Amino acid sequence: MRQIQFIRSNTFLWALAVAAAFALFVVGLFAFTYWKLDDYLIARSDRMIMTRINFIADLPSARRIGAISDHLEQDSRGVQYAGLFNGAGTRLAGNIDSLPRALDLGGAAQGVRLDLIEKSAVHGPVIRVVGRRLENGDVLVMGRNVDETREISSVVGQALALGLLPAFCLCLLAGAWLSVRAQRRVEEVNQRVQRIVAGELRERLPEDNSDDPFARLARIVNGMLAEMETMINALAGVGNDIAHDLRTPLTRARLALERGRTHATTLEQLQEVTDKAMAGIDQSLAIVTALLRLTEIENSRRTAGFGNVALDEILREVCDVYEPIAEDKGIGLGVVIDRNVQVWGDRDLLFEAMANLVDNAVKFTPPGGQVRLELVSEDDTALVRVSDTGPGISTQEREAVLRRFYRSDKMRNTPGVGLGLSLVAAIVKLHGFRLIIGPAPGGRIEILAWTGRASKAAACRSRTPTLEAVNQM
């Protein structure tokens, strides 16, 4: 079964196709080489024949027979042919027995069959021949056997065949090795994926330091798995958290209504009971509304409304809204902006994020404290800092405060549902910014934003990466 899968694997089939294409290329190269070599050797033979016949034709008639004899005696390979015939066609000299009838005297070299004095194994071979009628009426015929091109072509063919066979086998071996390697990696991935499906969320695909497409895909998938593990772990307790946080206000509303039905004797008492019940219901609705809002933001449904937003104007507006609340509590609220800053994002969402940060700062800062908003920009970055003189967030709670419904023990009596920083984190992630939680004492939360084109690119990239809460020490 493994052998069948190995043969049917795409990698092996591609290697086989490449090897076949390489073989066809080599065969085509051999055919082209043979054709060009054959043309070259025939043209060279024709030039040699023309040179020799011109030389002998220019000799005196008394020396021609001796020149033909010397020419044939010097032919050790037996590929030269010559014949001298009188006007009646009788042979006077040479190794050609009779004058070829199809020979065109005075023309270019042509291939004809000759009757030789010494018969060869192959009777009447086709030979390149040139004939010329001399001044005294004799006919001079010179020829050369070009069958040696077949020998040269045979040698070239054998060399190419000897080179083709190892190359073809090498291609198959390379394909087999790549196919086995790919199958092993796929099998390992399948095993790990099966463990992930079985519930082992900590499992990851194998990675290495290479930069091949498989390794890059593994890194991307591992990042996705890490994000999914974080989301699943976060959602694992969301149901219990929702039930717990909704049960308290709903229980209070039910008890208030029950007591009112039993003990209320006047309209004022009934209205008081109704107000308490409505407060509990409003708190429950606030939790549901915040959850829906958080889900909407995390699903990136608001990216279509992105545009250039003046971040400095948002901070001033937030300060104007919360300044009366801070004054009532005896808290100083101020804003410091070094210059105007434009970012790419949704104005309403950014306002909501800044308002949540300032609301938390005012809520947890004791009377007489200070809350400060700062906007510092440099090059393509802008830093929004919300600091206060409250208890701050401890090192152990910096990641926990971003979870839904998380509330520390010391803040249980403070109004709220524990979704403010979760909303801020979701908005920051949607815009591709970074959320930085500073150390205690004193609260300090920063948002690192990108301005101009960098902000637009970051917002586009933020749809896939995981948001990091950076703990600045």
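The bend at a residue is the angle between two axes, one fitted to the seven residues ending there and one to the seven starting there. Keep that handy for the first exercise.

This is a predicted model, so local features need pLDDT of at least 70 and side-chain atom pairs count only at pLDDT 80 or more, while totals for chains, interfaces and linings use all residues. Residues are numbered from 1 along each chain as its sequence is written, and side-chain values use heavy atoms, with hydrogens and water left out.

**Exercise 1. Follow helix H8 from end to end and find its kink.**

Step 1. Get your bearings: the protein has 11 helices and 13 strands. Helices (H or I, at least four residues) and strands (E, at least two) are DSSP runs, numbered from the N terminus.

Step 2. Check the span. H8 covers residues 311-328, which is 18 residues, and reaches 27 Å from its first C-alpha to its last, close to the 26 Å expected at 1.5 Å a residue. The expected span is 1.5 Å times one less than the number of residues.

Step 3. Look for the bend. A kink of about 40° sits at Tyr322, shortly before the proline Pro324.

Step 4. Go past the end. Just after H8, Gly330 has a positive phi of about 75°.

**Exercise 2. Work out which residues of H8 are buried and what they pack against.**

Step 1. Set the cut-offs: buried means under 20% relative accessible area, exposed over 50%, and partly exposed in between (1.4 Å probe, protein chains only). In the protein, 38% of the 473 residues are buried.

Step 2. List them for H8: Leu311, Asp312, Ile314, Leu315, Val318, Cys319, Tyr322 and Ala326. Tyr322, where the kink lies, is on that list.

Step 3. Find the partners. These buried residues pack against strands E6 (307-310), E7 (332-337), E8 (342-345), E9 and E10 (381-388), plus helix H9 (347-364).

**Exercise 3. Describe how H9 meets H8 and H10.**

Step 1. Take the H8 side. The axes of H8 and H9 come within 9 Å and cross at roughly 35°. Axes are lines fitted to C-alpha atoms, for helices over the stretch in contact, and angles run from 0 to 180 degrees between N-to-C directions. This crossing is right-handed. Among the residues making the contact are Ile314, Val318 and Tyr322 of H8 and Leu350, Met354 and Val358 of H9.

Step 2. Name the handedness rule: a crossing is left-handed if the near helix is turned anticlockwise from the far one by less than a right angle, and right-handed if clockwise.

Step 3. Take the H10 side. H9 and H10 (residues 420-431) pack at about 145°, with axes 9 Å apart, and H9 passes H10 in a left-handed crossing. The contact includes Ala353, Asn356 and Leu357 of H9 and Val424 and Ile427 of H10.

Step 4. Zoom in on Val424, which lies in H10. Why does Val424 count as buried? Because its relative accessibility is 0%. Leaving out residues up to four places away in sequence, Val424 touches Ala353, Asn356, Leu357 and Leu435; contact means heavy atoms within 4.5 Å. Val424 and Asn356 are 68 residues apart in sequence, yet 7.1 Å apart C-alpha to C-alpha.
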